Amino acid sequence: MAVRTLKDLLADGVEGRGVLVRSDLNVPLDGGQITDAGRIIASAPTIRQLVEAGAKVIVTAHLGRPKGEPDPALSLAPVAARLAEELGRNVQLAGDVVGSDALARAEGLTDGDVLLLENIRFDPRETSKDDAERAQLAAALVELVGDDGAFVSDGFGVVHRKQASVYDVAKVLPAYAGDLVATEVDVLAKITGDVEHPYAVVLGGSKVSDKLAVIEALAPKVDTLVIGGGMAFTFIKAQGSPVGDSLLQADMIDTCKDLLERFGDVIHLPHDIVVADKFAPDAQTSIAMTADGFTEGMGLDIGPGTVERFAAVLTGAKTVFWNGPSGVFEFEKFAAGTRGVAEAIAQATANGAFSVVGGGDSAAAVRALGLADEAFSHISTGGGASLEYLEGKELPGLSVLEV
Ligand SMILES: Nc1ncnc2c1ncn2[C@@H]1O[C@H](COP(=O)(O)OP(=O)(O)O)[C@@H](O)[C@H]1O
Ligand SMILES: O=C(OP(=O)(O)O)[C@H](O)COP(=O)(O)O
């Protein structure tokens, strides 16, 4: 795939020019505190190079999934502060996305300044399905950088999203792949096509509807598909067991039945579950066998027997891709499954496997559990994005960069 890169842009010269950078700064928060700054740290090098080259840098990013309107709990304020720390320079935060404050601040930028726009998803046009609405927001973003502006796509975690700040803006401005996007694509290319077998993919997490769709494409390519986290319950329900109030994608139960019929030999599901009476760190817990299911409470982790079985298949793998924590690792009571899976993948890596951990929360989990980044071959900032890349799907945010 031929794309223009940050290096090309820097060679063209950016001094005094407005450069819009789409970063993925969607970090986990706990009561307004950033619990893992991995995505900010990974996004800083591209911004720093532009700053040092004298560009007027305008960064746009999202945080969480606001409903197309301002939500103070999802303001990028803590992110602006942490990014400033990382860059060692002031980062202004606009009070709006493309409104009067953003415009005034953009006009006031001098060479080497950094302006972060408020959460782009506060504007409903960002995620609109209507091409014209998204194009309108893209035009407003272009106005901020001016006629000789440029666009750097560096939010790898969002390149699978056909959104205004990812896709539409790249159709209007000269567009370049940032260093993070370029590196991520280089590494992921190593686990597409011919890979060393056994090849294991481990799925979990809570973005169930997004990720169930990927299984269809991945199952024929892998030797083992390990499913834990919130992903597992739609399958368990499809097997006929009740799952209480666990995460469930009811409209995909039939799809899961079909997947189990066709790929039952590669799909590994939990056979025991840690059930909680409430979604809280101090919940009362019990272990349920998957074959029996449970009618009350919610499954928040894979059970101890499952951890052992999953670990046994994973340690023998030669290629591993992992996206999605196996349980609600943020609460210590439900972290054992994720810890067991992470340690097994780290062991496989120590045995010579090539391993990739993808996703904001999966990467955060690895670090929260005290495992070193070096325990894995690569920690990717994108979960859904890397999954769709592995699936072989066209990613709008990448294809739009092709020249
Ligand atoms: N059984 C479960 N029920 C509810 N949430 C879960 C469960 N297992 C994992 N999770 C949650 O999934 C979230 C991460 O999901 P996701 O965003 O899909 O992963 P990633 O960011 O790595 O792509 C975590 O916050 C975790 O608490
Ligand atoms: O967290 C993200 O993706 P991930 O959970 O798949 O790693 C990205 O920031 C994309 O967010 P989105 O899935 O709300 O579009």
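1. In this predicted model, the shell around ligand 2 takes at least three residues from each of two domains, domain 1 (6–182) and domain 2 (190–390).

2. Which residues surround ligand 2? They are Asp24, Asn26, Arg65, Gly157, Val158, Arg161, Lys207, Gly359, Gly360, Gly382, Gly383 and Gly384. By class, this shell around ligand 2 holds seven polar residues, four charged and one nonpolar.

3. Two helix pairs come next. Two packed helices are described by the angle between their axes and the distance between the axes. For helix H2 (residues 38–52) and helix H3 (residues 77–87), the angle is about 60 degrees and the axes lie 9 Å apart. H2 is therefore oblique to H3. Their crossing is right-handed.

4. On the H2 side, the contact with H3 is made by Ile40, Ile41, Ala44, Ile47, Arg48 and Val51. H3 contributes Val79, Arg82, Leu83, Glu86 and Leu87. Of the residues in this contact of H2 with H3, eight are nonpolar and three charged, with no polar ones.

5. Helix H5 (residues 131–145) packs against helix H6 (residues 164–172) at an angle of about 70 degrees, and their axes are 8 Å apart. Angles of 65 to 115 degrees count as roughly perpendicular, so H5 is roughly perpendicular to H6. H5 crosses H6 in a right-handed sense.

6. Where H5 and H6 meet, H5 supplies Arg134, Ala135, Leu137, Ala138, Ala139, Leu141 and Val142. From H6 come Ala164, Ser165, Asp168, Val169 and Val172. The contact of H5 with H6 has nine nonpolar residues, two charged and one polar.

How values were computed: Residues are numbered from 1 along each chain as its sequence is written. Chains are lettered from A and ligands numbered from 1 in the order in which they are written. This is a predicted model: local features need pLDDT of at least 70, side-chain atom pairs count only at pLDDT 80 or more; totals for chains, interfaces and linings use all residues. Axes are lines fitted to C-alpha atoms, for helices over the stretch in contact, and angles run from 0 to 180 degrees between N-to-C directions. Helices (H or I, at least four residues) and strands (E, at least two) are DSSP runs, numbered from the N terminus. Angles under 35 degrees count as roughly parallel, over 145 as roughly antiparallel, 65 to 115 as roughly perpendicular and the rest as oblique. A crossing is left-handed if the near helix is turned anticlockwise from the far one by less than a right angle, and right-handed if clockwise. Two residues are in contact if their C-beta atoms, placed from the backbone, lie within 7 Å. Ala, Val, Leu, Ile, Met, Phe, Trp, Tyr, Cys and Pro count as nonpolar, Asp, Glu, Lys and Arg as charged, and the others, Gly among them, as polar. A residue is near a molecule or strand if its C-beta atom, placed from the backbone, lies within 6 Å of it. Domain bounds come from an automatic or database domain assignment.
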